[in-house]
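Q: Please walk me through this structure, one feature at a time. Give me the general idea, then the case at hand.

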Amino acid sequence: MQTPVRDTEPTPDAEPPAPEKHQEPEAREEREERETRPDPARRKRRGPGPFLLLVLPTLTVLLAAAVFLVATDRLSGLLGGDDGDAAPAPQAVTDRVDPSLLPWLRKAADQCDTLRPSVLAAQIDLLSGWSNDGAALSGPSGLAGFTPAQWREWGEDANGNGTSSPKDAADALVALGRWDCALAERMTESRTRGTVNGDLLDLTLAAYDQDEAAVTKAGRVPEPALPYVRKTKQLARQYAQFDTAPSPLPDAGAPPRDGYLHRPLLSTTLSSAFGTRQHPLSGVTKLHTGVDFPAPQGTPVTAAGPGTVTFAGLTQAYGNRVVIDHGKADGKRLQTTYSHLSALNTTQGSTVIPGTTLGWVGSTGLSTGPHLHFEVMVEGHYTDPMPWLDGSG
């Protein structure tokens with residue numbers, strides 16, 4: 001049986017695909033590009049960038065802090081807090097000091113060249129904070145914290161009110177100055193002998209804080225005294241204004257009449273007047289407590305008035321020095337002093353009259369040349385000697 005022959009010709013509706021080799025080059029490249037292009041739907045998700053990780057959290061914290069500060073400020077206003085004015089400046093340490101005590105502070109420091117009012121003020125600040133409240137009867141008392149035993153050694157009636165008490169601020173200040181100056185003199189002697197070495201003020205403060213034996217044993221400022229020395233000197237800088245512009249002491253005014261005293265030597269020339277000056281040797285600005293009469297070495301120095309010699313001897317700062325008590329002048333105690341003498345011609349307890357030779361002009365003690373340092377004290381207070389002197393020698 002013969003197999004029928006099938007028709008292998010394509011039907012009119014079917015169009016066979018063109019062979020790939022017959023496609024146009026442009027069409028083939030477009031298709032390849034489309035097939036290799038990544039699908040957006042399948043793109044890999046990336047994590048947060050540096051901005052989100054670093055900057056955004058910082059901005060969030062700053063914004064939260066600003067909101068907190070604004071809220072706090074509003075709350076403070078509602079509660080009656082800061083009204084927006086600047087905070088008051090801290091109180092200066094000098095404001096703690098009663099102005100009436102400044103002359104006594106300076107008088108206390110004038111007892112020797114080592115001390116300055118600012119140093120004494122710093123000591124008082126550390127001792128009591130300028131509070132005059134005493135402790136128990138047997139303990140430290142007053143501004144300077146004197147014990148009864150210490151007061152018996154150093155205390156006296158400095159302001160002449162009839163009582164000597166550590167609770168009297170004037171008495172306490174002068175007593176502390178006297179104690180410090182005594183320590184300074186002994187430290188000077190030890191340093192001269194070579195048993196100790198260091199700054200004289202540091203050694204003095206160390207001897208006060210510890211004792212002289214501790215300083216001598218160490219040969220310098222001992223380790224336990226270093227904090228006190230450091231604190232005192234640091235605090236003294238805050239009281240530096242007390243070292244200038246001295247105030248007059250009470251009752252140290254004009255003499256009862258001009259020329260009450262005779263001139264202690266023939267010279268009428270002054271090389272240094274009474275008042276504030278810079279010490280020519282120490283460089284410290286403080287009250288010059290008398291007047292200086294320059295004169296040749298060996299010029300006789302005579303008593304300015306009748307009285308009794310209460311001191312005649314050698315001192316560290318004043319050299320050979322004489323102090324005369326003239327008794328009362330118009331109801332006020334009057335004293336004169338004569339310093340830097342080359343030699344003495346009188347002794348303690350001697351009675352003198354105007355013209356009695358006390359010694360001779362010299363340059364002993366802290367001195368830059370031959371001269372007489374002459375002082376007048378009224379009720380223990382230094383005053384300008386010139387109005388007290390007549391024109392004669």
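The dialogue below goes from overall counts to cores, a helix, a disulfide, backbone torsions and strand pairing.

Q: What kind of model is this, and what goes into the values?
A: This is a predicted model: local features need pLDDT of at least 70, side-chain atom pairs count only at pLDDT 80 or more, and totals for chains, interfaces and linings use all residues. Residues are numbered from 1 along each chain as its sequence is written, and side-chain values use heavy atoms, with hydrogens and water left out.

Q: How many helices and strands does the chain have?
A: Both are DSSP runs, numbered from the N terminus: helices are H or I with at least four residues, strands are E with at least two. The chain has 9 helices and 11 strands.

Q: How much of the chain is buried?
A: Buried means under 20% relative accessible area, exposed over 50%, and partly exposed in between, with a 1.4 Å probe and protein chains only. Here 38% of the 393 residues are buried. The accessible surface (Shrake-Rupley method, 1.4 Å probe) is about 22800 Å² for the chain. Carbon and sulfur atoms account for 54% of that surface.

Q: What share of the contacts joins residues at least 24 apart?
A: A contact means heavy atoms within 4.5 Å. Take the contacts between residues at least 6 apart in sequence: 61% of them join residues at least 24 apart.

Q: Which residues touch the most other members of the largest nonpolar core?
A: A nonpolar core is a set of buried Ala, Val, Leu, Ile, Met, Phe, Trp, Tyr and Cys residues joined through side-chain atoms within 4.5 Å. The largest one has 51 residues, and W130, F146 and Y239 touch the most other members. Helices 3, 4, 5, 6, 7 and 9 each give two or more residues to this core. Helix 6 gives the most, with 12 residues. Another core, of 24 residues, lies apart from it and includes A295, V301, I324 and V378.

Q: What is Y239 in contact with?
A: Leave aside neighbours within four places in sequence. Then the contacts of Y239 include V93, R96 and V97, as well as A121, A122 and W130.

Q: What does Y208 touch?
A: Y208 sits in helix 7 and is buried, at 13% relative accessible area. Not counting residues up to four places away in sequence, Y208 touches Q123, L127, A144, L176, W179, D180, L183 and Y228. Y208 and Y228 are 20 residues apart in sequence, and their C-alpha atoms are 9.6 Å apart.

Q: Which cysteines form a disulfide?
A: A disulfide is a pair of cysteine sulfur atoms within 2.5 Å. The structure holds 1. C112 and C181 form it, with their sulfur atoms 2.1 Å apart. The S-S torsion is about -80 degrees, so the disulfide is left-handed. C112 lies in the loop between helix 3 and helix 4 and C181 in helix 6, so the pair ties together parts 69 residues apart in sequence. C112 is buried at 12% relative accessibility, and C181 is buried at 10%.

Q: Where is W130 found, and what is its phi?
A: W130 is in the loop between helix 4 and helix 5. Its phi is positive, about 65 degrees, although W130 is not a glycine. W130 is buried, at 11% relative accessible area.

Q: Where is H340 found?
A: H340 is in strand 7, residues 332-344. Phi of H340 is also positive, near 70 degrees. At 4% relative accessibility, H340 is buried.

Q: How many bridges join strand 4 to strand 9?
A: Two strands pair if DSSP finds at least two bridges between them. Strand 4 (residues 300-302) and strand 9 (residues 357-361) run antiparallel, joined by 3 bridges. P300 stands opposite W360. Strand 7 also pairs with strand 9, antiparallel over 3 bridges. There, W360 is the bridge partner of A343.

Q: Which side chain does S367 make a polar contact with?
A: A polar contact is a pair of N or O atoms within 3.5 Å; within protein, one must be able to donate a hydrogen and the other to accept it, and residues adjacent in sequence count only if both atoms are side-chain atoms. The S367 side chain makes such a contact with the side chain of H371, at 3.4 Å. S367 lies in the loop between strand 9 and strand 10 and is buried at 15% relative accessibility.
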